[in-house]
Amino acid sequence: MNKLKSKIGIAVFIALTQTTTASAAVTLNDTLKDTTFTFGGYIKIDSFWTETSDGAIASNSIGRQFYVPSTIPVNAGDSATSFDTHARSSRFNFGTTSDVDGAKIKTFLEFDLLGTAGGNELVSNSYSPRLRHAFVSYNNWLVGQTWSTFQNVGALPESIDFLGPADGSVFVRQSQVRYTHGNWQFALENPESLIHNYQGAGRSAYDESVLPDVVARYNISEDWGQMSLAGLMRQLKADNDLIDDTATAFGISVSGKLKVGSKDDIRFMGTYGSGMGRYIGLALISDGVLDTNHNIETIDSFGGLLAYRHFWTDTTRSTISYSFLEADNDPNLTGHYVSQSSKSLHVNLVFEPAKSFTVGTEYIFANRELENGDDGDMNRLQISVKYAL
């Protein structure tokens with residue numbers, strides 16, 4: 001009798017399991033039939049020779065992986081030359097687009113390997129992935145980590161270097177809540193304050209603000225190209241045993257891409273603000289500086305870029321770009337050894353023998369100047385091979 005009950009119980013369990021599995025499969029299939037899956041990214045191998053006038057860029061510096069203005073040595077030794085090659089800018093991403101009850105839901109997740117630890121160049125060159133993007137959008141709403149709304153990605157010039165003319169580029173990825181309505185975009189984004197200590201004693205990042213960074217942006221897209229006007233308001237805050245102060249900061253940026261002829265284009269960006277340091281030039285300039293009373297004084301800065309891309313043939317093109325960033329430091333507060341400006345010139349040649357497969361070379365000249373007038377130069381020749389999925 002007990003054996004009979006066991007057999008009946010097993011039979012019922014199997015039947016229920018099959019029914020549940022079938023039901024789950026139906027539910028999953030119903031979801032999948034309205035969902036599009038994407039996989040993308042690229043494989044990219046970068047090789048470059050770098051010459052610096054005032055010392056070497058440290059071997060573990062991110063400036064050995066791509067152009068970062070703050071890593072140009074100034075008064076750090078004799079001239080130095082180095083060679084690097086890596087595949088760390090290769091990236092991969094996953095995305096979905098779903099139609100759920102009439103609503104468009106999108107997700108996107110992307111990783112690369114730049115600037116991460118977990119490996120070295122002795123044997124395996126193994127490096128940890130880093131998160132670039134992770135967001136979900138629902139109709140006009142976006143929540144997650146992606147490009148700051150203050151940044152116009154479409155205005156960035158084509159570059160063999162990972163970013164290219166970084167000095168005058170607004171370039172930030174961070175978590176946010178964004179709402180898009182027609183040409184308008186509004187966002188609340190993750191705050192972080194980069195404050196220089198009094199009289200040049202280094203700088204620190206503070207995650208103390210109780211208010212998100214606020215961004216409003218207006219986009220125009222026409223047959224002649226596209227333009228964006230963006231405004232930024234934010235709170236700087238530092239709080240520790242010695243400091244407890246806040247300051248109001250702002251920024252404004254105009255950028256765009258203008259079509260020239262059938263294929264060529266001009267790209268530009270101009271940005272001005274007070275206390276917007278970390279948003280431009282890869283944080284070359286601090287947001288603010290502490291005075292003698294440990295109060296925060298915002299630092300004014302202005303930067304821009306201009307680039308022209310020309311197609312020599314259907315498979316060969318070049319971009320020349322110039323970029324700069326200047327800070328209005330108060331040397332009585334910052335000291336005389338902080339960055340006052342940086343500038344760079346980029347010239348490249350890109351050959352595309354097959355769709356999505358490119359071979360390119362780029363020459364970069366860059367200069368960083370301190371508040372006391374001392375400066376350092378960098379010359380770099382880069383060659384890259386890239387295949388985009």
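**Ground rules**

I am working with a predicted model, in which local features need pLDDT of at least 70, side-chain atom pairs count only at pLDDT 80 or more, and totals for chains, interfaces and linings use all residues. Residues are numbered from 1 along each chain as its sequence is written, and side-chain values use heavy atoms, with hydrogens and water left out.

**Entry 1: the whole chain**

I started with the secondary structure. I found 2 helices and 21 strands. Helices (H or I, at least four residues) and strands (E, at least two) are DSSP runs, numbered from the N terminus.

Next I checked the extent. The C-alpha trace spans about 95 × 60 × 50 Å along its principal axes.

How many of the residues count as buried? The figure is 46% of 389 residues. Buried means under 20% relative accessible area, exposed over 50%, and partly exposed in between (1.4 Å probe, protein chains only).

I then looked up the surface. The protein has an accessible surface of about 19400 Å², and carbon and sulfur atoms hold 59% of that. The areas come from the Shrake-Rupley method with a 1.4 Å probe; for residues, only the protein chains shown count as cover.

Contacts came next (heavy atoms within 4.5 Å). I took those between residues at least 6 apart in sequence, and 62% of them join residues at least 24 apart.

Last, charges. I noted 30 positive and 43 negative side chains, with the centres of the two sets 14 Å apart. Lys and Arg count as positive, Asp and Glu as negative; His and the chain ends are not counted. Each charge is placed at NZ of Lys, CZ of Arg, CG of Asp or CD of Glu.

**Entry 2**

Strand 3 (residues 91-100) and strand 4 (residues 103-112) run antiparallel and share 10 bridges. Within that pairing, I saw I105 of strand 4 opposite S98. The hairpin has 2 residues between the strands, and D101 there takes a positive phi near 55 degrees.

Strand 4 also pairs with strand 5 (residues 130-138), antiparallel, through 8 bridges. L109 has A134 of strand 5 as its bridge partner.

Is strand 14 mostly covered or mostly open? Strand 14 (residues 264-274) is mostly covered, with 8 of its 11 residues buried.

I traced the neighbours of strand 14. Strand 13 (residues 244-260) joins strand 14 by 11 bridges in the antiparallel sense. G256 faces F268 of strand 14. Their hairpin has 3 residues between the strands, and G261 takes a positive phi near 70 degrees.

Strand 17 (residues 300-311) also pairs with strand 14, antiparallel, over 10 bridges. There I noted I266 opposite Y308 of strand 17.

**Entry 2: aromatic rings**

A pair of aromatic rings is described by the distance of the centres and the angle of the planes. Rings of Phe, Tyr and Trp (its six-membered ring) pair if their centres lie within 6.5 Å; planes under 30 degrees apart count as stacked, over 60 as edge-to-face and the rest as tilted. I got 15 aromatic pairs by this rule.

One of them is F66 with F162, tilted, at 4.8 Å centre to centre and 55 degrees between the planes. F66 lies in the loop between strand 1 (35-52) and strand 2 (80-86), and F162 in the loop between strand 6 (141-147) and strand 7 (173-181), so the pair ties together parts 96 residues apart in sequence. Both F66 and F162 are buried.

W141 and Y179 form another tilted pair, at 4.8 Å and 45 degrees. W141 is in strand 6 and Y179 in strand 7, 38 residues apart. W141 is partly exposed at 45% relative accessibility. Y179 is partly exposed at 27%.

I also logged one aromatic cluster of F39, F92, F94 and F111.

**Entry 3: two residues followed up**

V347 sits in strand 19 (residues 339-354). Why does V347 count as partly exposed? Because its relative accessibility is 35%. V347 and I320 are 27 residues apart in sequence, yet 4.5 Å apart C-alpha to C-alpha. Leaving out residues up to four places away in sequence, V347 touches T319, I320, T361, E362 and Y363.

L381 belongs to strand 21 (residues 375-388). L381 is partly exposed at 39% relative accessibility. With the same exclusion of residues up to four places away, L381 touches S47, F48, W49, T361 and E362.

Note on methods:
Two strands pair if DSSP finds at least two bridges between them.
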